[in-house]
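Here are some notes for a first look at this model. Please read them with the structure open.

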Amino acid sequence: MFNNILVISDNAFLCKKLENILIEKLNDEQNVNFAISPFSTINDFKGFIKSEVFILDLKNENDIHHITDKYDLVLSIHCKQFFPNNLIDRVKCINIHPGYNPINRGWYPQVFSILHNLPIGATIHEIDNKLDHGPIIDRAFVEKSIDDTSGSLYDKILEKEIELFNKNVEAILNNTYETFFPENEGNIFLKKDFNNLCKIDLQEQTTTGQFINKLRALSHKSFKNAYFIDPKSGKKVFISINIEASKD
């Protein structure tokens with residue numbers, strides 16, 4: 001059984017949902033604390049979740065020592081930091097990943113699922129020294145629709161992550177869960193792959209379907225992702241798609 005649990009997150013919505021589940025499942029001997037990375041703003045979490053929140057930098061040796069001295073389980077909930085070996089070798093670290101491993105390893109899995117027509121889902125896995133690579137505790141597919149954008153598909157994945165966590169949390173907290181290894185190395189997409197994808201080449205020849213899929217993949221609510229360069233001004237011109245299937 002794990003008694004001292006640390007949650008590190010950069011997603012306030014998901015953190016709130018999983019906090020409620022954790023508080024309900026903890027016994028009297030177990031304690032949980034919440035932290036964010038330097039990439040997030042503490043005010044986005046304060047008042048949104050019940051627990052006190054502090055910042056931890058996983059590149060900072062003092063912060064690593066603090067974690068390894070105090071906690072025996074670290075839960076990564078959409079944490080934007082890479083977990084170093086001197087952390088994962090000393091403390092059990094488990095990740096909730098918004099993709100179906102090993103198909104959707106890395107950054108923004110829903111984007112590349114739409115772009116490359118890959119299956120998508122959610123995974124809970126132990127963290128090892130590779131990105132989204134460790135032994136799998138549980139995973140499940142999410143149904144993807146032709147009218148999904150990055151934003152709408154991401155929302156479906158969040159709900160699946162909550163469902164998976166609720167299903168597995170007691171086994172995780174009691175250290176009674178079982179794991180299995182991914183079938184292969186799968187696909188991995190990095191942040192630089194996403195950044196390269198965002199610039200639209202106005203001279204590129206493609207099919208209408210491929211172009212629509214690219215816009216669907218890059219349209220995420222109010223985020224400004226896809227853009228082209230105005231040949232006259234040299235300024236970025238942002239573009240997204242609004243797509244909706246008929247009800248009949």
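Helices (H or I, at least four residues) and strands (E, at least two) are DSSP runs, numbered from the N terminus. This is a predicted model: local features need pLDDT of at least 70, side-chain atom pairs count only at pLDDT 80 or more, and totals for chains, interfaces and linings use all residues. Residues are numbered from 1 along each chain as its sequence is written, and side-chain values use heavy atoms, leaving out hydrogens and water.

1. Start at helix 4. Just after helix 4, Asn117 takes a positive phi of about 55°, although Asn117 is not a glycine. Most residues other than glycine have a negative phi. Asn117 sits in the loop between helix 4 and strand 7 (120-126). Asn117 counts as exposed because its relative accessibility is 64% (buried is under 20% relative accessible area, exposed over 50%, partly exposed in between; 1.4 Å probe, protein chains only).

2. Helix 4 itself (residues 109-116) is largely enclosed by the rest of the structure, because six of its eight residues are buried. Among them are Pro109, Phe112 and Ile114.

3. Asn175 also deserves a look. Asn175 is not a glycine, yet has a positive phi of about 60°. Its loop runs between helix 5 (150-173) and strand 9 (188-189). At 40% relative accessible area, Asn175 is partly exposed.

4. Check the peptide bond between Asn101 and Pro102. It is cis, with omega about 5°. Most peptide bonds are trans. Pro102 lies in the loop between strand 5 (92-97) and strand 6 (105-106).
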